[in-house]
Amino acid sequence: MIAKRIPTSPGPGNDPHGAGTPADGLAGTVAKVPTVAIGTGDPQPVVAPGILKSIVRRPTTIVAGVFLLVLTLIAIFAPALAPHDPDVQNVLQRLKPPSAEHWLGTDDYGRDVLSRLIFGARVSLWAALQAAAVALVLGLPLGTIAGYRGGWIDTILTRIMDAIMSAPSLVLAITIVAVLGAGITNAMLAIGLVMAPRFFRVARAGTMDVRHETYIEASIALGCSTLRTTVRHVLPNVLPPIILVISVSLGTAVAAEASLSFLGLGVKAPAASWGSMLSTASSNMRLAPYLVWPPGVMIFLTVLAFTYLGDGVRRALVRTRSGN
């Protein structure tokens with residue numbers, strides 16, 4: 001409790017005259033706030049114990065989480081799971097339909113589609129993590145600073161983010177990649193920069209909602225630094241919507257990576273990527289229409305799973321923190 005952080009301030013029981021001090025009144029006020037314990041040395045848990053129960057009640061969240069877990073394991077153990085080398089070409093086996101040897105057929109270079117699909121999961125998930133990390137690192141701190149400080153800092157940062165959002169996302173990403181050069185890392189830097197305003201706006205709005213709350217004012221009055229106040233008492237309240245933005249951004253990054261790879265600006269050949277597989281399939285739609293289905297379905301399911309997982313976790317966090 002706060003009273004433990006003010007050992008020099010006498011409490012009502014210690015005052016020989018029976019009168020409380022202003023610090024006692026402040027401590028009493030803050031102690032009534034159930035969401036944060038100001039001044040304690042122990043960090044507050046962001047995720048309450050009841051969150052798992054709330055998640056279990058939503059079957060779509062469980063299904064999405066299991067799908068992404070399986071996909072992650074497939075990506076990690078791709079070399080052991082792939083039946084063939086994804087980069088080995090065999091022109092004698094080009095555009096073969098699904099068979100016992102090649103379950104999903106072969107592409108125009110005779111490469112096994114299933115093996116390339118498995119290795120493509122590794123590329124897509126890693127690219128999504130890179131893009132979401134860049135967007136989070138740029139957007140969350142700047143949004144928190146803008147919402148907490150306000151004034152001209154808020155105005156300048158908001159105008160910069162608005163300018164980024166005003167440009168078409170894919171066009172801006174293509175422009176950045178054209179400047180930095182083709183490649184999966186440069187492509188994800190571009191996608192992360194494009195997605196940063198999402199994190200900025202959500203963090204800024206959440207910070208502005210709580211910066212005038214009693215526990216924030218009490219933290220400042222007790223001498224907590226701006227960094228401590230922001231990290232300990234502001235960010236936990238911004239977390240639920242940020243989790244949803246992270247999840248949706250991961251799905252968006254998967255689709256964006258596929259788009260850039262489809263255009264030849266993402267992963268470099270002959271590396272496998274769902275976007276490059278779609279590009280190959282589009283060139284052979286008449287001869288092998290089945291090639292478009294595996295990467296297309298995987299992109300769709302992965303984006304959908306990230307969306308449902310983020311929404312389920314957000315709802316569970318909100319429900320648990322509200323005590324409902």
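A salt bridge here is a side-chain nitrogen of Lys or Arg within 4 Å of a carboxyl oxygen of Asp or Glu. With that in hand, a search of the whole structure, which is a predicted model, finds six salt bridges.

**The overall fold**

Let's start with the chain itself. The protein chain has 12 helices and zero strands, so its pattern along the sequence is simply α-α-α-α-α-α-α-α-α-α-α-α. Of its 324 residues, 42% count as buried.

**Salt bridges**

| Pair | Closest N to O distance |
|---|---|
| Arg111 and Asp107 | 2.9 Å |
| Asp154 and Arg204 | 2.6 Å |

Where do Asp154 and Arg204 sit in the chain? Asp154 belongs to helix H6 (residues 151–166) and Arg204 to helix H8 (residues 184–210), so defined as DSSP runs, and the pair links parts of the chain 50 residues apart. Asp154 counts as buried because its relative accessibility is 11%, whereas Arg204, at 23%, counts as partly exposed.

Helices H8 and H6 are also linked by Arg201 and Asp162, which are 39 residues apart. Arg201 counts as partly exposed because its relative accessibility is 44%. Asp162 is partly exposed too, with a relative accessible area of 29%.

The setting of the remaining pair in the table is a buried one: both Arg111 and Asp107 are buried. These two residues also take part in a network of salt bridges that links Asp87, Asp107, Arg111 and Arg116.

**The second largest pocket**

Arg111 and Arg116 are among the residues nearest the centre of the second largest pocket, together with Ser276, Met277 and Thr280. This pocket has a volume of about 290 Å³, and 18 residues line it. Helix H5 (113–149) and helix H11 (274–282) are the elements that give two or more residues to the lining. Which of them gives the largest share? That is H11, with five residues. By class, the lining holds nine nonpolar, five polar and four charged residues.

**A nonpolar surface patch**

Trp293, Val297, Phe300, Leu301, Leu304 and Tyr308 make a nonpolar patch of about 600 Å². Tyr308 is placed in helix H12 (residues 293–322). Is Tyr308 buried or partly exposed? Its relative accessibility is 39%, so Tyr308 counts as partly exposed. Patch residues need over 30% relative accessible area, and the 39% of Tyr308 is given above.

Technical notes:
Residues numbered from 1 in each chain as written. Predicted model: local features only at pLDDT ≥ 70, side-chain atom pairs only at ≥ 80, totals over all residues. Heavy atoms only, no water. Patch = residues over 30% accessible without salt bridge, like charges linked within 9 Å, V, L, I, M, F, W, Y side chains within 5 Å. Areas by Shrake-Rupley, 256 points an atom, 1.4 Å probe, with all protein chains shown as cover. Helix = DSSP H or I, 4+ residues; strand = E, 2+ residues; numbered from the N terminus. Buried < 20%, exposed > 50% of the residue type's maximum accessible area, 1.4 Å probe, protein only. 1 Å grid on protein atoms, 1.4 Å probe; cavity = no way out; pocket = protein on both sides within 12 Å on 5 of 7 lines; lining within 4 Å. Points joined across faces, edges and corners; volume = space filled by probe spheres on them. Nonpolar A, V, L, I, M, F, W, Y, C, P; charged D, E, K, R; others polar.
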